[in-house]
Amino acid sequence: MSKVIYSAIQPSGIMTLGNYIGAVDNWQQMQANEDNKCIFALADLHTITVRQDPKKFHENAMSFYALLMAMGLDPKKSILYFQSHVQEHAYLSWLLNCYTYVGEMNRMTQFKDKSAKHSDNINMGLMDYPVLMAADILLYRTDEVPVGIDQMQHIEIARDIAERVNGIYGDIFTVPKGVLKKVGAKIMSLQDPTQKMSKSDPNPKAVISVLDDDSVIMKKFKSAVTDSETIIKYDAENKPGVSNLLTILSVCENKPIDVLEKEFEGLMYGHLKIRTGEAVCEMLRPMKERYNQLMNDKGYLLQCAKEGAEKAREIARPVLDKFRQAIGYVLI
Ligand code: TYM
């Protein structure tokens, strides 16, 4: 039996090294397993929960789509589409709203954080965001959702909603499972390693964009915040900066962290920073080349997006209809 894998990314701000290591890299590995049926979306309906400049938003959406392909997601192997092109998402989201409690949404950590950050625009969409995310996942009878740690709470609520609906109507939705990468599920800021590396961080030195030039990447790693000791060892609590660098290097060089710790015995933090920066440049270089080629062929990207949306709709429509029928709607 094949497994359905579903995940999505918002085309807002910049695509970060955290997005790549924590999520997209995992998606591409899951795509390589022929037993998996992979579906990946640009969550562009989620993006407007925070106000966007229309021109920048439009450019970002194309750019993120091209980036996903440049990172190895292949529209021939996976379904790769824009959430806004498949209207079943918004429809199911409304239905699920009626099976979700306000108290549940009020408790969501990301809602609380984003409300504090955007206190002038605490819109209904921001609060409803996890319900739309549940709709994304449940529409495809998803088995596994590969994400970074910050999204796990939203997957838990998607499971609760699915179980609630199934409890009332029988087997409508598959109850999905969140899956994390063993190493790299939470890449930290380079300037404050107790915080997640985030697309929306106002300090550009804290964040690596996957499209940064090599020289910019090296500069950011050289100025990464570490600690006042000199020993290179993994200790996320007491040495978050060094641990973050070891994590990134471990993913880029595909080497276990304990092997790296041995290699760095007697060396200085500066060595670790430079080697990590170089490994990141190396890892991102082929992706950037492919990205530039893809961005020169927007017609091809749009064609892939259109075909992706059609394939997604074919799966989503019957699942939505089954739920509508169970609720009692008249289908025509
Ligand atoms: P988004 O766009 O914020 O992030 C996309 C993916 O990247 C992961 N991620 C990280 N992983 C490790 N370290 C980091 N510093 C880091 N920063 C981000 C996120 O966990 C995520 O997996 N709501 C979602 C998008 C979404 C979605 C979905 C995801 C919409 N519908 C359905 C899964 C299933 C979001 O805003 O992710």
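This is a predicted model: local features need pLDDT of at least 70, side-chain atom pairs count only at pLDDT 80 or more; totals for chains, interfaces and linings use all residues.

Trainee: How many residues surround the ligand, and which are the closest?

Mentor: By class, the shell around the ligand has 13 nonpolar, 9 polar and 5 charged residues. The shell holds 27 residues, and the closest are Tyr129, Asp136, Asp150, Ile187 and Lys199.

Trainee: Which residue has a polar backbone atom 2.8 Å from a nitrogen atom of the ligand?

Mentor: A polar contact needs a pair of N or O atoms within 3.5 Å. For the ligand nitrogen, the polar backbone atom at 2.8 Å belongs to Ile187.

Trainee: How much of the ligand's accessible area does the protein cover?

Mentor: On its own, the ligand has 710 Å² of accessible area. Elements that give two or more residues to its shell are strand E1 (3–9), helix H1 (17–31) and helix H7 (124–138). The protein's cover comes to 97%.

Trainee: Which elements give two or more residues to the lining of the largest cavity?

Mentor: The count is 1 cavity of 30 Å³ or more, and the largest cavity has a volume of about 40 Å³. Its lining consists of Gln110, Phe111, Lys114, Leu126, Tyr129, Pro130 and His154. These divide into 4 nonpolar, 2 polar and 1 charged. The elements that give two or more residues to this lining are helix H6 (109–117) and H7.

Trainee: How many residues apart are Glu144 and Lys3?

Mentor: The count of salt bridges comes to 19. In one of them, Glu144 pairs with Lys3, with the closest N and O atoms 3.0 Å apart. Glu144 lies in strand E4 (residues 144–146) and Lys3 in strand E1, so the pair links distant parts of the chain, 141 residues apart.

Definitions and conventions: Residues are numbered from 1 along each chain as its sequence is written. Side-chain values use heavy atoms; hydrogens and water are left out. A residue is near a molecule or strand if one of its heavy atoms lies within 4 Å of it. A polar contact is a pair of N or O atoms within 3.5 Å; within protein, one must be able to donate a hydrogen and the other to accept it, and residues adjacent in sequence count only if both atoms are side-chain atoms. Accessible areas come from the Shrake-Rupley method with a 1.4 Å probe; for residues, only the protein chains shown count as cover. Helices (H or I, at least four residues) and strands (E, at least two) are DSSP runs, numbered from the N terminus. Ala, Val, Leu, Ile, Met, Phe, Trp, Tyr, Cys and Pro count as nonpolar, Asp, Glu, Lys and Arg as charged, and the others, Gly among them, as polar. On a 1 Å grid over the protein atoms alone, a cavity is a set of points where a 1.4 Å probe fits but cannot get out, and a pocket is an open set with protein on both sides within 12 Å along at least five of seven lines; lining residues have an atom within 4 Å of a point. Grid points are joined across faces, edges and corners, and a volume is the space filled by probe spheres set on the points. A salt bridge is a side-chain nitrogen of Lys or Arg within 4 Å of a carboxyl oxygen of Asp or Glu.
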